[in-house]
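Subject: Structure for you to look at

Hello,

Here is the structure I promised to pass on. Please open it first and then read the notes below.

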Amino acid sequence: MSRDIDACKAALSRFEIDDTPASVLAKSRDFYWYSPILKRQLDGLRADFVVTPRDTAEVAEILAICWAHDVPVTVRGAGTGNYGQAMPLEGGVVLHMRHLTGIVALGADHVVVRAGMVIEEIEHALRAAGREIRLFPSTTATATIGGFIAGGASGVGAIRWGGLRNPANIRRVRLVTMEAAPRTLGLVGADIHKAAHAYGVNGVMTEIELPVD
């Protein structure tokens, strides 16, 4: 199997693709430049193009096509990280999660949300129902919940509830694997920590279930 960017792009043509150079560059970056060391190391990196899925099924299709063409995939939320986690080290595809938004379910003690939803939007919806999530990062107004789970560690609320490593703070993660036939997995319990704080390198989170209070 050899990498073929053009063939991959052609195979993905039915999906939403962005190949405008300035836009691709912007979507290939986070706040890595806070560090002068990372700025030197990562400044020239960019994807070949951006693909934006609309649901979990499209995520799986895109990952299968990229696998078949040996094209690397970098998962992108809002790009609010500081350490280059959302940057493509070897070009390829940026998988932008901005369409995977919305609350799937709200129960008495939990909420299920799509991974591309901005945390502030989740909080506004929950407060209207008299509830709130337990942890808020400093980037709540802009970060996605998937990005927070994939790259975050703690936030406001941690003194009471502990950080994201506390098993009680994430109830379930839906994850799509990148392989010839991608699988959609529901991770619970200790398995959640295979994906939490793993920066999306072992699968793409599409749905998160969190406790609410």
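In the largest nonpolar core, which has 27 residues, the members that touch the most others are Ile-133, Ile-145, Ile-149, Ile-170, Ile-208 and Leu-210. A nonpolar core is a set of buried Ala, Val, Leu, Ile, Met, Phe, Trp, Tyr and Cys residues joined through side-chain atoms within 4.5 Å; buried means under 20% relative accessible area (1.4 Å probe, protein chains only). The elements that each give two or more residues to this core are β6 (110-114), α5 (119-128), α6 (145-151), β7 (172-176) and β9 (204-211). Helices (H or I, at least four residues) and strands (E, at least two) are DSSP runs, numbered from the N terminus. The largest share of this core, 4 residues, is from α6.

This is a predicted model: local features need pLDDT of at least 70, side-chain atom pairs count only at pLDDT 80 or more, and totals for chains, interfaces and linings use all residues. Residues are numbered from 1 along each chain as its sequence is written, and side-chain values use heavy atoms, with hydrogens and water left out.

Leaving aside residues up to four places away in sequence, Ile-208 touches Val-111, Val-112, Val-113, Ile-145, Ile-149, Ile-170, Arg-172 and Val-173 (contact means heavy atoms within 4.5 Å). There is also a second, separate core of 19 residues, with Ile-5, Cys-8, Cys-66 and Leu-95 among them. In soluble globular proteins, nonpolar side chains tend to be buried together.

Regards

How values were computed. Buried < 20%, exposed > 50% of the residue type's maximum accessible area, 1.4 Å probe, protein only.
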